[in-house]
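Good morning, everyone, and thank you for coming.

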Amino acid sequence: MDFAWSEEQLQFRRAVIDFARKELNSSLPGRDREAQFPRENWIKCARFGIHGLPFPEAYGGGNSDILTTMLSMEGLGYGCSDNGLIFAINAQMWSVQMPLLRFAREEVRQKYLPALIRGEIIGAHGMSEPDSGSDAYSLRTRARKVEGGYVLSGTKTFVSNGPVADVAVVFATVDPKRGMWGVSAFIVEMGTPGFSVSRHIDKMGLQSSPMGELIFEDCFIPEENRLGPEGAGANIFKDSMEWERACILGSYVGAMERQLERAVAYARDRRQFGQPIGGFQSVANRIVDMKVRLETARLLLYRVAWLKSQGKSTPMDAAIAKLYLSEAFLQSGMDAMRTYGGWGYTTEFGVERDLRDALGGIFYSGTSDIQRNIIARFLGL
Ligand SMILES: Cc1cc2nc3c(=O)[nH]c(=O)nc-3n(C[C@H](O)[C@H](O)[C@H](O)COP(=O)(O)OP(=O)(O)OC[C@H]3O[C@@H](n4cnc5c(N)ncnc54)[C@H](O)[C@@H]3O)c2cc1C
């Protein structure tokens, strides 16, 4: 594994940081309070090339390797404090664009991928349902085979980007008795008769990433909108989750670095008992733990990205990265909060926002319990 970055890679990371600082942070506290989706910033990121980073040039992507992509996403998380926007972009990249690239027919790819990468349309991913979360393959949304396609009926919940989406990758079963082998994946366009977004789901963090519920009522989907063969949905979901778990938290590494630098500056500046609070060992040790977590997270991210760049299947490493990075950002959010004392609890410094945002990470793409289950399975337990 070689993590010695070239000058070109580092230059691009610096360009991402400059862009993010200049373009993405204004009015964030208000946006967070009002839970507003920053469409303008979404488009700016797409124009800068974020959405398309690792995707082929043929679809308008940047053709970056995965390690360079992760270095760039790290830069985005460092420069941009809007974790919700970054999460929303990542949700589209890894679980909408990636399955389209890997499993859709060429004409379907051509129809949606360039528009998603250019930021002209927004994509969502619908797997979770009111009665199936961690037990994803017990889904109830039905895909009834009819001439020329399928008729979808059911409800998808917790769908990130749902309220603003133009297209969704949706999973449904052709036969619940077949368990995971009955699941198929479809791409569905907003405006298709029988497809609607029923409600906006309020949540505690990642406020600029809207979440909703998708409803399918006898919604006809043409056969060409199925991704992969019938019954391949579980494998498509697993493949997307492996990409998502490996890559979705790359920007958290940058966010943790930003958080650490600010905590150090605060601990040097804030004085109590006649000295900077950083001089108290309890305060310093918490910040040291933040640094150790940051560097461990960074190595795990680069390792899984390197494995991916070698074309290797890496479900266990992806689960380890997802588990560690999400829990590390949460724990460091707590340590940052303690460093700032009561000021951390107010909305003055954005410390509480990072902590609220971090909590989402231990649930999406499979909870920490589920990542541990995956790792345990690979250990033969
Ligand atoms: C911010 C956010 C964004 C999301 N975005 C999307 C999206 O875009 N698309 C989408 O489809 N879904 C999305 N989700 C849903 C997410 O994937 C689910 O929340 C997650 O899979 C857990 O399902 P659940 O919430 O129904 O919890 P449950 O499955 O009901 O779990 C409840 C608790 O039981 C534990 N548990 C359950 N089963 C086991 C087990 N076998 N072993 C050990 N513990 C277990 C869980 O870890 C958890 O602590 C999102 C969720 C969040 C929070």
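Let me begin with terms: helices (H or I, at least four residues) and strands (E, at least two) are DSSP runs, numbered from the N terminus. What you see is a predicted model, in which local features need pLDDT of at least 70 and side-chain atom pairs count only at pLDDT 80 or more, while totals for chains, interfaces and linings use all residues. Residues are numbered from 1 along each chain as its sequence is written.

Which elements each supply at least two residues of the shell around the ligand? They are β1 (123–126), β3 (149–160) and α13 (368–378). In total, 19 residues surround the ligand, and the closest are Gly133, Ser134, Ser160, Thr367 and Asp369, where near means that a residue's C-beta atom, placed from the backbone, lies within 6 Å of the molecule.

Now to the domains, whose bounds come from an automatic or database domain assignment: the protein chain has domain 1 (7–117), domain 2 (123–229) and domain 3 (249–378). Because domain 2 and domain 3 both give residues to the shell around the ligand, the ligand lies between them. The C-alpha centres of domain 2 and domain 3 are 32 Å apart, and their contact takes 4 residues from domain 2 and 7 residues from domain 3, with two residues in contact if their C-beta atoms, placed from the backbone, lie within 7 Å.

Finally, strand β4 (residues 167–173) runs antiparallel to β5, joined by 7 bridges, and strands pair if DSSP finds at least two bridges between them. Within this pairing, Val170 has Phe186 in β5 as its bridge partner.
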